[in-house]
Amino acid sequence: MMVELSDEQLLFLVGETDKEMFESGMDIRKRDFFIVPRVMRKLGYVGNVPISSGGNPTANRIVAAYRSIYRPRDLVDRI
């Protein structure tokens with residue numbers, strides 16, 4: 001069963017999922033890659049869960065919520 005959340009509820013779920021990954025020691029730039037499939041699974045998506053937004057509206061909302069938490073420079077690799 002897929003769950004449809006308000007933007008506020010989705011932002012909370014994204015933040016909660018990001019916190020779990022942070023507490024596991026995952027680097028912020030890696031969390032950006034894994035946030036979509038982890039949240040999608042929590043929402044009840046099964047099977048091939050996208051790892052990026054692509055054309056999936058729910059994945060697009062997850063990416064937007066995640067990126068609203070951080071400054072753009074926090075999400076890019078630094079040399």
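Reader: Which residues in H2 meet Thr58, Ala59, Ile62, Val63, Tyr66 and Arg67 in H3?
Author: This is a predicted model, in which local features need pLDDT of at least 70 and side-chain atom pairs count only at pLDDT 80 or more, while totals for chains, interfaces and linings use all residues. Residues are numbered from 1 along each chain as its sequence is written, and side-chain values use heavy atoms, with hydrogens and water left out. Contact means heavy atoms within 4.5 Å, and helices (H or I, at least four residues) and strands (E, at least two) are DSSP runs numbered from the N terminus. On the H2 side, the residues that meet those of H3 are Ile28, Arg31, Asp32, Ile35, Val36, Val39 and Met40.

Reader: How many nonpolar, polar and charged residues does the contact of H2 with H3 have?
Author: Ala, Val, Leu, Ile, Met, Phe, Trp, Tyr, Cys and Pro count as nonpolar, Asp, Glu, Lys and Arg as charged, and the others, Gly among them, as polar. H2 contributes residues including Ile28 and Arg31, and H3 contributes residues including Thr58 and Arg67. By class, the contact of H2 with H3 comes to nine nonpolar, one polar and three charged.

Reader: At what angle do H2 and H3 pack, and how far apart are their axes?
Author: Axes are lines fitted to C-alpha atoms, for helices over the stretch in contact, and angles run from 0 to 180 degrees between N-to-C directions. For helix H2 (residues 28-42) and H3, the values are about 140° and 9 Å.

Reader: Which word describes H2 relative to H3?
Author: Angles under 35 degrees count as roughly parallel, over 145 as roughly antiparallel, 65 to 115 as roughly perpendicular and the rest as oblique. H2 and H3 pack at about 140°. That makes H2, relative to H3, oblique.

Reader: Is threonine 58 buried or exposed?
Author: Threonine 58 sits in helix H3 (residues 57-69). Buried means under 20% relative accessible area, exposed over 50%, and partly exposed in between (1.4 Å probe, protein chains only). Because its relative accessible area is 12%, threonine 58 is buried.

Reader: Which residues does threonine 58 touch, not counting residues up to four places away in sequence?
Author: Threonine 58 and valine 36 are 22 residues apart in sequence, with their C-alpha atoms 9.0 Å apart in space. With residues up to four places away in sequence not counted, threonine 58 touches Met40, Leu43 and Tyr45.

Reader: Which word describes H1 relative to H3?
Author: The axes of H1 and H3 come within 9 Å and cross at roughly 65°. That angle makes H1, relative to H3, roughly perpendicular.

Reader: Is the crossing of H1 and H3 left-handed or right-handed?
Author: A crossing is left-handed if the near helix is turned anticlockwise from the far one by less than a right angle, and right-handed if clockwise. Where H1 passes H3, the crossing is right-handed.

Reader: Is aspartate 7 buried or exposed?
Author: Aspartate 7 lies in helix H1 (residues 7-23). Its C-alpha atom is separated by 9.9 Å from that of alanine 64, 57 residues apart along the chain. Because its relative accessible area is 57%, aspartate 7 is exposed.

Reader: Which word describes H1 and H2 relative to each other?
Author: The axes of H1 and H2 come within 10 Å and cross at roughly 120°. Relative to each other, H1 and H2 are therefore oblique.

Reader: Which residues is valine 14 in contact with, leaving aside neighbours within four places in sequence?
Author: Valine 14 is a residue of helix H1, and because its relative accessibility is 0%, valine 14 counts as buried. Valine 14 and methionine 40, 26 residues apart in sequence, are 9.8 Å apart from C-alpha to C-alpha. Leaving aside neighbours within four places in sequence, valine 14 is in contact with Ile35, Val39, Ile62, Ala65, Tyr66 and Ile69.

Reader: What pattern does the chain follow along the sequence?
Author: The secondary structure comes to three helices and zero strands. Read along the sequence, the pattern is α-α-α.

Reader: What share of the residues in the chain is buried?
Author: The chain has 79 residues. Of these, buried residues make up 33%.
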